[in-house]
Amino acid sequence: MTNTEQVATAVAAHAIAASKVYGMGDTEVHALREVTVSFDTAKFTAIMGPSGSGKSTLMQCMAGLDRLTSGQTFIGDVELSTLNDKQLTLLRREKLGFIFQAFNLIPTLTAKENITLPLDLAGSKGDQAWIDNVIETVGLGDRMKHRPNELSGGQQQRVAVARALASQPEIIFGDEPTGNLDSRTSGEILDFMRRAVTDLGQTIVMVTHDPITAAYADSVLFLADGLIVDRMENPTADSVFDKLKHLGD
Amino acid sequence: MLKLVLRGISANKGRLLLTLVSITLGVGAVSGSFVLADSLRAVFSDISVQAFAGVDAQVRAIEPELQSSQDLPRFDDSVIDAVASVPGVEVAEGGVFAFEQVYTTDSDGQVVRPLGPPVFASSWGGPTAVSSFTLVDGEAPIGQQIAIDEVQAKKAAFNVGDVVTLTVPSGIPEDFTVSGIIRFGSEPGGSGGAYFNLFDLPTTQRILNLEGQIDSIVVAADDSMTSDELLTAIGDVLPDGVEVVSSDTVIGEQQDQFGQIVDIIGNVLLGFAIVILFVSTFIIYNTFAILVSQRTQQIGLLRAIGASASQVRLMVLLESVVVGLIASIAGLFAGLGVAALLKWVFSLGGNQFPDGPLELRVRTIIVVFVVGMFVTVVSALIPAFKASRITPLEALQNTAQQQRSLRARIITGLVVLVPGLALLAIGLFGGSDNTSGVLTALGLGSALTFIGVAMLSALFASPVASALGAPVEAVKGVTGRLARDNAARNPQRTAATATALMIGLALITGVSVLVQSLRDTFNDIIDNSLSADLFIFEEAQGLPFSAVLVDQLGAVSDVDLVAGFSVIEAKVDGEVESVGGFDTATGTGVVDVGILEGTPELASDEIALNDDKANDAGYALGDSVTIEFEDGAVDTFTVASIYDDATLAGSMYLDRSVTSEHVATDNVAFVGLTYVDGADPAQARAAVEEVTAAFSQVTVQDNAEFKASQKAQIDQLQFLLFGLLGLCLVVAFFGIINTMALSVLERTREIGLLRAVGTTRSQLRSSIRWEAVIVSVFGALLGVVMGLLLGWAAVSAVGDFIPNLGIPWPLLIIFLVIGAVIGVLAAYFPARRAAKLNVLDAISSTS
């Protein structure tokens, strides 16, 4: 099983001693305190923690949306702090995918156009077979010509997931991707994300506060006060819930 | 409540600032035109008082009904002695003056004259108690001496003792010695830039060919009589047709005359100010509409916690009141600047205005505040009502604003547009002689038309913007696609934004069409109707000059045919009209007026009529027309020819031998001549110019030169109008910046998302820039189309005088390009701001 081990140890993104401080003096808030962490390729990782634990900050800094106060973050072997805005933008466009909680889609573009937006921005055609495959997997073939306001919340999030997948990114970041959905729709989206990892070999890092959502992941990172306090492999909703209950202890 | 309003304003400072600029521009123009008019009126009224200091009464001829020249009517100078012999009269000084007849020439033989203001030749009895002039240097003129005003003396470097050659109506230049330098009134600048050439009375009468005639006697009396007694005593000795009035009456009349000129300047400026304000209303409306829609949730929340619909409405209106107030204050002060600037601009044109403070009257302040507040509040009315219709539910769900039904929009649009077009048609084709009525119909008609088109344009804003954006998308890819979609996504906003530009460019295009038509008409006439080898006329203002020149030119050996054209005022079948006087015997060889029926040559009892005039008045060949002349003679003329070309010959003409008999001063406005066959053109022209040299004010031009000079004059008019209307484009420019800035703000999250998924800053800027270009080109396109229609309608309305419709295609292309450039420039700051947004903040922003 050397082959599997090699895949398992490949790292899509990692952070070394990542710190983020907001404000100055008395109002100083340490969102991240020298966090060192890595996210494995072809794995689905959930980041959990109470409000203010730094889970969103970690994700945003990993994704190049925000800059660290000190420390380093890497996508593959590219260190983000060495990149200027333009390089960061191109990195996001080519190597990263995003799924936000809400407002994921440009209202004036159709579902299909939203999916291919990062590719269009780069002026590339992308891998047409892959895109067709993604759209088919999302299961919205007949809705591709519709605009976001003609789609339900669940359908919109599916389009957002498809967009994140379309450019075959090295890693996809999700910020509470199902936070606005009812449990049934939420389950559909998470199933779909799970399959993207298992069947299509994608890497997903997702911030969530919901144990049921976290249970879809391969592993869960727990943050509190800007520190990683625990890591759980093959989580279940119950085990995550238990862990959360005792996180404050 | 007020706290909420003030907080709302201070939270939206940036958004309201650009709106303020556009209102301030409009209000500033209003304030400026009032301040300028008041200042000029005050200063000129002081000058009238100064000029008549020491005068108790003035004797003058009663104004006749018909008057072909701008000079005063004259009477016999024997009246001077009669008035002087009235007991109690201490001074009775008779005088005569003429307008634009006598000019000095400089050492190069060039005429000395200001650009615009007139040149007067007048008699002067020296610095007496009744004199309007003050001696600055030297002495009063006697015999072959002249006193020159200080402005002219400075310009031409004339000094006391210099010998100056003068152009006089006789056509034989005369040398005069400068005896003194004078000024009108006692303070510098009193003449408003006009030049004065003063002589003693007999010399003035001689050179003006007015022996024994005067036009006024100024009287100073001792204190033995009251003013009324004096007027009665003098009145008793006056012959028929001569009257006496008090100096107060004269001062009042002069002030009225100045007032009329000042009113014209003031009203023209006010007209442009109103256009600017009108354009601003669309921008104010747009700003408030966007502000309301952006605060839908906030307003919904207010409604949910108990604010009534009328309170919400009041809140928005109060906001507009505060904005209007600030803009009015700023506009008031901007107006003082505008007035000072305009005074300076006029002084460049040669109209030296006397120094005086800027008059800021209470009336101006009131008008400025009323106008500023009214325009702002009225523009905010519809947004305020829309705000009051927001339901509490909308606080919870940020639903898209409900679009008004298509049908309602078409109906309201048409309800405004149709009467607008009707008023325009009445104004243009109604044939009314009531100028202010016509102007009101045209103004109101165009305003309603513009509003109607603005409302209806929202119906096709999306498809047109989308079509305009198609090439952008083809070239720029998804960036262009976003620009195209954003320009088309909110048709109401796109239409309202484009409207400001539409109005500005519609007016500019309309003027261009009118001017081009004028140019084409002139070229057509010069090419096809004028067969003269040389044209002689006064170029600066088209003033008439002595008819002696026509006879002198006829004597030149290289000259074959000479024809002069003059215009007199006469009563034709009881109506006062302009009647031409044309040398018909020689004229047809020089000018082709397009004779349709009858003979070109007129006998002394025959008249030629323009075909439209003949149709309107029901004349045919052989009918008789009765004409009463200014000298009182009444004659009957037989219609001997009907001609086509009203531009050249007006609505009717007689033979010039007839008209010259009945006027006090025999002048012509235009002379054309041909060379004898085989004459050397250069030599012939030199011979002609030798003769015209005695009339230094006239210009001699051949066909090509004449064309060029006509074009230059029309160009000048066009540039002036472009300059004033260009202000509308400035306002429109601010409007587009404003809308783009607000739209960018509204789309903050969308922009954050775009940036997150890999839109570079330059891609984002490009997208916003192209969006602005699409919106502004939409406006420019509408404006050009509207302008073409307006221009076409205006040209058709005056088809008699401008038969050629000229469309300046290259200019129209330039206007569209200007529209695009305005879009690019207006997008600069909004695009920069959007590109600078922090991605995370933008994504997580709530509005």
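A crossing is left-handed if the near helix is turned anticlockwise from the far one by less than a right angle, and right-handed if clockwise. I note that the model is predicted, that local features need pLDDT of at least 70 and side-chain atom pairs pLDDT 80 or more, and that totals for chains, interfaces and linings use all residues. Residues are numbered from 1 along each chain as written, with chains lettered from A and ligands numbered from 1 in written order.

**Entry: H13(B) and H24(B)**

I recorded a right-handed crossing of H13(B) past H24(B). Residues in contact (C-beta atoms, placed from the backbone, within 7 Å) include Val453(B) and Lys476(B) of H13(B), and Trp770(B) and Phe778(B) of H24(B). By class I have 13 nonpolar, three polar and one charged in the contact of H13(B) with H24(B) (Ala, Val, Leu, Ile, Met, Phe, Trp, Tyr, Cys and Pro are nonpolar, Asp, Glu, Lys and Arg charged, the others, Gly among them, polar).

**Entry: H13(B) and H15(B)**

I next took H15 (491-528) of chain B, whose axis comes within 8 Å of that of H13(B), crossing at roughly 125 degrees. H13(B) is therefore oblique to H15(B), and the crossing is right-handed. Among the residues making this contact are Phe450(B) of H13(B) and Ile503(B) of H15(B).

I traced an open sheet of four strands in chain B, order E3-E14-E1-E15, with antiparallel pairing (strands pair if DSSP finds at least two bridges between them). E3 (89-95) and E15 (242-246) of chain B are at the edges with a single partner strand each, so one side of each has no neighbour in the sheet. E1 (57-61) and E14 (216-221) of chain B pair over four bridges, and Gln58(B) stands opposite Val218(B) in E14(B). H6 (227-237) of chain B packs on the sheet, touching E1, E14 and E15 of chain B.

Key:
Helices (H or I, at least four residues) and strands (E, at least two) are DSSP runs, numbered from the N terminus. Two residues are in contact if their C-beta atoms, placed from the backbone, lie within 7 Å. Axes are lines fitted to C-alpha atoms, for helices over the stretch in contact, and angles run from 0 to 180 degrees between N-to-C directions. Angles under 35 degrees count as roughly parallel, over 145 as roughly antiparallel, 65 to 115 as roughly perpendicular and the rest as oblique.
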